[in-house]
Amino acid sequence: MTTIPIEDLDEAGLNPPLMTVETLDDFKPSPDAGASRYRHVIASGEPFDALLVNKETDVLVVSLHGALDRRKYTLPRFERMRTIISNDVSSMYFADPALTREDNIQLAWYTGWDGFDAQQAVADWSVTAAKSIGATRIMFAGSSGGGFASLQISALVPGSVCLSFNPQTSVHGYLTRGEAKGVDAQRKYLEVVRPDLATDSIWKMDYEPDWSLPAGDRMSALRRYSHPLENYVYTVQNVNDFHYRDHYYPFLGACARGGNLPRVRAAEYEGGHLHDSPPPAVVLSALAAALEWTRELPPANFQ
């Protein structure tokens, strides 16, 4: 048996039988209704973990977590599972494999590292899962760092929808206000995930120039959305969060350059002046609106 009844899922979604996937291309998820877990161990040793909850519906929602307090959460983390499965949708949850590299790294944006593209791996497994369970539409969803990942991965799946809450729109841009927290996040990311991109010792580097340029558009939605794409974006912004000015406005400019603005919808809310998680009411309202839009769109032609 590879699936368990959805009502038997534990709080963390970790109790379905764990299926080992030898290579990324060997991923063949169960078409049966219920919940199933999958793990591929990357060549460098990190686990690539996914949970699939199949309700046999036309929409598959793929959830991506943001920064994790490692004192509070254990890996793999399948974020907003209970919120999403309360809807009439199938769903899938991915843990960022880069966080398994060190116990105190909190955020790695699902970029992967030199030799492993986590964004493409999530996109490929999501499409494979949709085909297997008969879903004709995919929505990628996340907040903050997970919102960045949802923007990036949705762009790789034509016809998909991204639901992002207060996302970063570039990894380098996390430094935008020159705050120590932003610098520390970039230092830890370069140390643990992408040391190949460090231009000097991480303690001596000048973080103002965009050190992510050699990685192309994998670390920048601003670069990715500056070119024509075929996905749709529903973005939700706290007007009092500095991301509104430092990430959202530049993202709209990138979409305009790429001719993508007609496929972007935005909702705003009055939140606090810190970069915090959106209130539950905002999440539920945006999820309902994005799902309604998703179902109005033509079914995706998954290749």
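Helix H7 has buried residues covered by, among others, strands S4 (59-64), S6 (137-143), S7 (161-165), S8 (232-238) and S9 (264-269), plus helix H1 (81-85). Cover here means contact, with heavy atoms within 4.5 Å. This is a predicted model: local features need pLDDT of at least 70, side-chain atom pairs count only at pLDDT 80 or more, and totals for chains, interfaces and linings use all residues. Residues are numbered from 1 along each chain as its sequence is written, and side-chain values use heavy atoms, with hydrogens and water left out.

**Helix H7**
- Helices (H or I, at least four residues) and strands (E, at least two) are DSSP runs, numbered from the N terminus.
- Its buried residues (under 20% relative accessible area, 1.4 Å probe, protein chains only) are Val282, Val283, Ala286, Leu287, Ala290, Leu291, Trp293 and Thr294.
- They cover an arc of only 160° around the axis, which puts them on the same side of H7.
- Ala281, Glu292 and Glu296, on the other side, are exposed (over 50%).

**Nonpolar cores**
- A nonpolar core is a set of buried Ala, Val, Leu, Ile, Met, Phe, Trp, Tyr and Cys residues joined through side-chain atoms within 4.5 Å.
- The largest has 65 residues; Leu60, Val62, Met92, Phe94, Trp125, Trp211 and Tyr225 touch the most other members.
- Helix H2 gives this core its largest share, nine residues.
- A second, separate core of 31 residues includes Tyr93, Tyr232, Val282 and Leu297.

Conventions. Arc of directions from axis to C-beta.
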